[in-house]
Amino acid sequence: MTTDTATTRTAKTNTATTNKATIRRMTVGQALVEFLANQWTVDGDVRERTIPGMFGIFGHGNVAGLGQALAQANAHDPGLMPYHQARNEQAMVHQAVGFARIHRRRATFASTASVGPGAANLITGAALATANRLPALLLPSDTFATRVADPVLQQLEHPHDLGIQVTDAFRPVSRFFDRVQRPEQLFSIALAAMRVLTDPAETGAVTIALPEDVQAEALDVPEEFLAPREWRLRRPTPEGWALAAAVEAIRNARRPVIVAGGGVLYSGAERELQAFVEATGIPVGTTQAGGGSLDWDHPQYLGGVGATGTTAANRLTGEADLVIGVGTRYSDFTTASRTVFQNPGVRFVNVNVAAFDAYKHGTQLPVIADARETLVALTRALAGHRVEGAYAERIASEKAAWDAVADAALAPSPADVSRPDALLGQPEIIGAVQRASGPRDVVVQAAGSLPGDLHKLWRVRDPLGYHVEYAFSTMGYEIAGGLGAKRGLEALGDDRDVIVLVGDGSYLMLHTELATAVAEGIKIVVVLIQNHGFASIGHLSETVGSQRYGTRYRYRDADALNFERGDFLPVDLAANARSFGIDVIEVTPGPDAAARLEDAVKTAKASSTSTLIHVDSDPFVYAPDGEGWWDVPVAEVSELESTRTARAEYVEQQKKQRPLLG
């Protein structure tokens, strides 16, 4: 456990006394920085700084406001609000989100950006945070509140509404949005923002827009505004009627299944989940956010569920007469676009701290409560209850069958010396990385075909070991999110490794935070998989009859006016990564490539600095089918035979979709 700058126990309380009559003359920027430095999240016996640091890229919008405030804080007390550089505004939020997930939503970072493009670059990060229900504090700059110099550099102008600015675009992607138009508004806005940031049911992107002139204006700040303040995470217990209804439904179910989402981990309920399933024998399938809720080899663990799920999870969930959702928002990948639940009489018990999610699928059995508290109550109320013997045997059989399929997919292909340039398939790459990783290592991923393959194949051995951002599935999250995760671990005194898996498409979107890793000496292991194009969308394009159009990284054909037949681009991503100053290991194709990749990961783990491993892959080698489906519309009419065939298959799959009013 670290010092007061990160985490403490509640027994170590702040004993400083405050004089509520004391007033200090400060700028809005200075007051906000000191206010944020004194906010604490309390979760049980853990007390932690809610905002332990701030990312920032400065421009004319924030350099005189928050920039000056951070410089002043650093001069007087470097630990008050540590500042961290970034190379891209979007990546600042990704780092904050990665940090927040490791800290189970108790802490996050603030991010400040300048007027116009700097602020706009934060928007993708805001949407990612909100979609994932993970806290991030955004402080985008705005143009002059006085409008004295309109239009300033980087200002938008709408003739019909001169008040609209870039920061208004944050409204639909934020859980909280407000603008400090006058210095006196800071007090109420800052407190309201902190309430949402630390609310398990409402958290996400919290945005405070700060006009550049207001940031630098002075106001009288009461000492009580700057004094240490605690925000206790709510852990509501289930209401009696809801618990009783859930218990009755579980007792009457013959084939119950649990869908465990991110709420299990954010509540710290993995031990309670394990105790519940061991007592009852009910099997568990996990969402992407719920990976790590149970270890992969637990007898009740079926693997991922839904469009990217396993046959074990999808078959048993398809037959389930009761689905117990714990901390899940039921995305279309989790429900396989509402095709996975095929039992005509299926009912849903939805345990969620957010009523919005608890009532999904029309359930009449919502339990609006904390996951951990509810699992404890259910285990107690269901003492002595267990699934039938035949169902337990079916669970074991389906799990064993899938584990055998996964074993084969993860194993290296037999060496073939006649194919010196043989490429590894992505499942083989995952297998090599898995074998070289430690049981507590954290795998980080976000976009492309990797999330689906990892959901099926990665064998999670620790509650924090699976970090796949799949609510917004943002290309470019991986390296920045991995840095945030590593920051989060370091703040907790945890020295486990973070292994980032990223395809070449995502790498090209946003890789510049490698410079941040070098600048701050933060160690991550990056496995860069070279597909020579958008492998995931290429495969998806085939399923909708578009035959990988526009997904290959090739020279443009001047005659055909497309990128379908030219030579592959001679882009050297290993050299690009090396230019940032990190170590690079290149795994060339060949019959022993899997073994050399495994050795490379071990070498990277043994290093004290960041390492990028470059490996070529065969994008046409897919993970085994888990019998899931994803609804991506296919053109209803087409001159292409491939599209007509895909349309016919699509119409057949649609017939399995159900409204799920349970």
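This is a predicted model: local features need pLDDT of at least 70, side-chain atom pairs count only at pLDDT 80 or more; totals for chains, interfaces and linings use all residues.
1. Strand β17, residues 347–352, is mostly covered, with five of its six residues buried. On one side of the pairing, strand β16 (residues 322–326) joins β17 in the parallel sense over five bridges.

2. The bridge partner of I324 in β17 is V349, and V349 in turn has L365 as its bridge partner in β18.

3. Helix α18 takes up residues 477–491, and its length can be checked. At 1.5 Å a residue, its 15 residues should span 21 Å, and the end C-alpha atoms are 21 Å apart, which agrees.

4. After α18 comes G493, which has a positive phi, near 75°.

5. F170 sits in the loop between β8 (136–142) and β9 (176–179). Is F170 buried or exposed? Its relative accessible area is 0%, and buried means under 20%, so F170 counts as buried.

6. The contacts of F170, leaving out residues up to four places away in sequence, are A119, L122, I123, A126, L138, P140, F177 and T207. For F170 and V498, the separation is 328 residues in sequence and 31 Å in space, C-alpha to C-alpha.

Technical notes
Residues are numbered from 1 along each chain as its sequence is written. Side-chain values use heavy atoms; hydrogens and water are left out. Buried means under 20% relative accessible area, exposed over 50%, partly exposed in between (1.4 Å probe, protein chains only). Helices (H or I, at least four residues) and strands (E, at least two) are DSSP runs, numbered from the N terminus. Two strands pair if DSSP finds at least two bridges between them. The expected span of a helix is 1.5 Å times one less than its number of residues. Contact means heavy atoms within 4.5 Å.
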